[in-house]
Amino acid sequence: MPLGQDLVSDKTGVEGVAVRGPVKAGFEAVLTDEALAFIADLSRKFEGERQRLMRLRSERQKAWDGGEHPDFLPETKSIRDGDWKIRGVPEDLLDRRVELTGPVDRKMIINAVNSGASVFMADFEDALSPTWDNIIQGQVNLISYWRGEINFTDEQTGKTYEVCANPAVMLVRPRGWHLLEEHVLIDGAPISGAIFDFALYFFHNASKTIMKGSGPYFYLPKIESHLEARLWDDVFVAAQKALGFEVGTIKATVLIETLPSAFEMDEILYEMRDHIVGLNCGRWDYIFSYIKTLKNNPDYVLPDRAQVVMGDAFLRAYCLLLVRTCHKRGAFAMGGMAAQIPNRGDPAANEAALTAVRADKEREARDGHDGTWVAHPDLVPVAKDVFDRMMPADNQMDRAGVQENITVADLLEAHAGEQTEEGLRVNIRVGVQYIEAWLRGTAAVPLYNLMEDVATAEISRAQIWQWIHHKVALSDGRIVTNELFEELLADEMGQLRQTLGMDVYDSGRFEEAISIFRDVSVSDDLVPFLTLPAYRHILSV
């Protein structure tokens with residue numbers, strides 16, 4: 001029976017807490033009464049404020065829909081002008097030149113920490129489909145990692161994987177404030193996915209991370225305002241006090257991956273100054289947020305996704321502002337994701353991918369970033385070579401960054417370029433295939449030589465919505481309409497069925513994926529996150 005219909009509670013040993021997902025072998029190590037009591041306490045303290053901030057998001061979006069646009073806040077000017085710095089950076093986070101990201105399955109964790117990257121970001125968010133099994137098994141895997149018990153044997157090859165002597169530093173990314181974990185009820189209501197992911201990891205592993213010479217480190221996604229950063233800081237303080245840790249033990253890096261947050265970077269650092277160590281340019285979600293935030297204004301219609309590049313327009317401006325803001329406050333400025341996938345079977349395609357990665361990372365190092373992200377272990381040495389060559393010290397925090405003023409107009413400048421039929425087709429084929437894989441439980445999906453996650457699917461469907469909404473003319477003169485979208489959707493799915501084969505296509509979840517993608521692409525208003533309606537399709541008891 002899908003969750004969200006007739007709610008059925010499975011009582012636990014903690015009053016008011018119900019677990020509606022199956023407790024499989026090993027899950028009991030995560031879902032202990034002590035851990036559930038801890039997350040319930042945090043939820044009861046902060047769920048009201050989380051809901052208030054989600055309403056505030058909607059209120060601000062209504063203003064932008066009405067013609068306003070994000071701007072620097074006049075009421076926090078004293079913070080932007082003030083002379084202050086964050087509390088400091090732990091020794092094992094002083095060199096973050098290459099960070100590898102990926103989901104929290106056992107093989108990925110082992111390969112990632114062994115990859116030669118400085119940091120592995122273990123992801124409960126965009127690179128993980130939030131099935132109950134994925135979420136809880138991920139927590140099991142992280143507990144095993146910090147206990148020194150993690151290993152993996154490939155059933156097909158018999159190869160055994162174990163953690164090396166000098167693994168990457170681990171950061172964990174919980175889900176964003178807008179997402180729920182509907183398999184766990186606190187006093188009859190679903191718990192915040194953000195609190196659930198954070199609290200379980202912190203409860204089970206904080207002491208172990210410190211014993212191993214590191215600490216409980218986090219990446220925080222989808223923040224839209226300094227008030228949402230303040231909520232995270234309040235959660236951190238309460239969690240540390242509840243378990244007897246010194247305030248400031250937790251360290252976090254915030255992803256600046258929403259357009260509104262770019263106007264509040266100083267304020268976000270200030271609100272979390274005891275716990276924050278840096279900001280990251282979350283480029284793909286940032287493109288999606290740009291479309292979503294400015295969706296009703298035809299002046300901000302973007303060209304084909306391939307033409308929205310980091311070296312131009314609003315993307316260039318926000319990255320430069322992030323470097324300057326972070327270094328002024330003693331914080332790290334992390335570069336964005338290289339999503340290319342090496343292609344060992346095609347030397348020309350492989351070299352093109354590596355060349356693109358090198359150019360991207362050289363731009364970031366030249367601009368003053370202290371490190372960068374890659375999505376594939378084979379890209380670690382490529383990015384590391386660039387930063388080793390251009391950043392011989394551990395970081396570049398002594399560099400001030402650009403001196404010229406970065407204006408509101410700079411941060412809103414749209415990329416020039418064309419809207420093409422091929423751009424529309426790429427959005428369709430990427431969006432549908434990604435959602436289909438996500439429904440099957442896979443959220444880091446290699447497609448057309450790129451590693452796609454939720455963010456790129458969000459761009460795909462939001463851009464289609466934007467082009468339809470504003471009746472954009474393609475390069476061949478045709479207007480983008482619902483009818484044209486349906487025509488190309490049918491054609492692309494027909495071609496895909498032939499490419500994959502009828503048996504593979506028909507045994508997948510493509511009809512559901514097409515329905516979801518269609519709904520979020522042609523809806524009257526732009527759905528805030530496609531994962532909200534899609535989540536209904538993976539819920540089960």
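Predicted model: local features only at pLDDT ≥ 70, side-chain atom pairs only at ≥ 80, totals over all residues.
Biologist: How many disulfides does a search of the whole structure find?
Modeller: A pair of cysteine sulfur atoms has to come within 2.5 Å to count. With that cut-off, the search of the whole structure gives a total of zero.

Biologist: Is cysteine 319 buried or exposed?
Modeller: The relative accessibility of cysteine 319 is 3%, and the cut-off for a buried residue is under 20%. Cysteine 319 is therefore classed as buried.

Biologist: Which class of orientation describes α9 and α10?
Modeller: The axes of helix α9 (residues 283–293) and helix α10 (residues 313–328) come within 11 Å and cross at roughly 125°. Angles of 65 to 115 degrees would be roughly perpendicular and those over 145 roughly antiparallel, so the relation of α9 to α10 is oblique.

Biologist: How does α9 lie relative to α15?
Modeller: Helix α15 covers residues 454–469, and its axis comes within 8 Å of that of α9, crossing at roughly 25°. Because angles under 35 degrees fall into one class, α9 is described relative to α15 as roughly parallel.

Biologist: What is the handedness of the crossing where α9 passes α15?
Modeller: Residues of α9 that meet α15 include Trp284, Phe288 and Ile291, and those on the α15 side include Ile459 and Ala462. The crossing of these two helices is left-handed.

Key:
Residues numbered from 1 in each chain as written. Heavy atoms only, no water. Buried < 20%, exposed > 50% of the residue type's maximum accessible area, 1.4 Å probe, protein only. Axes fitted to C-alpha atoms, helices over the stretch in contact; angles between N-to-C directions. Helix = DSSP H or I, 4+ residues; strand = E, 2+ residues; numbered from the N terminus. Left-handed = near helix turned anticlockwise from the far one by under 90°. Contact = heavy atoms within 4.5 Å.
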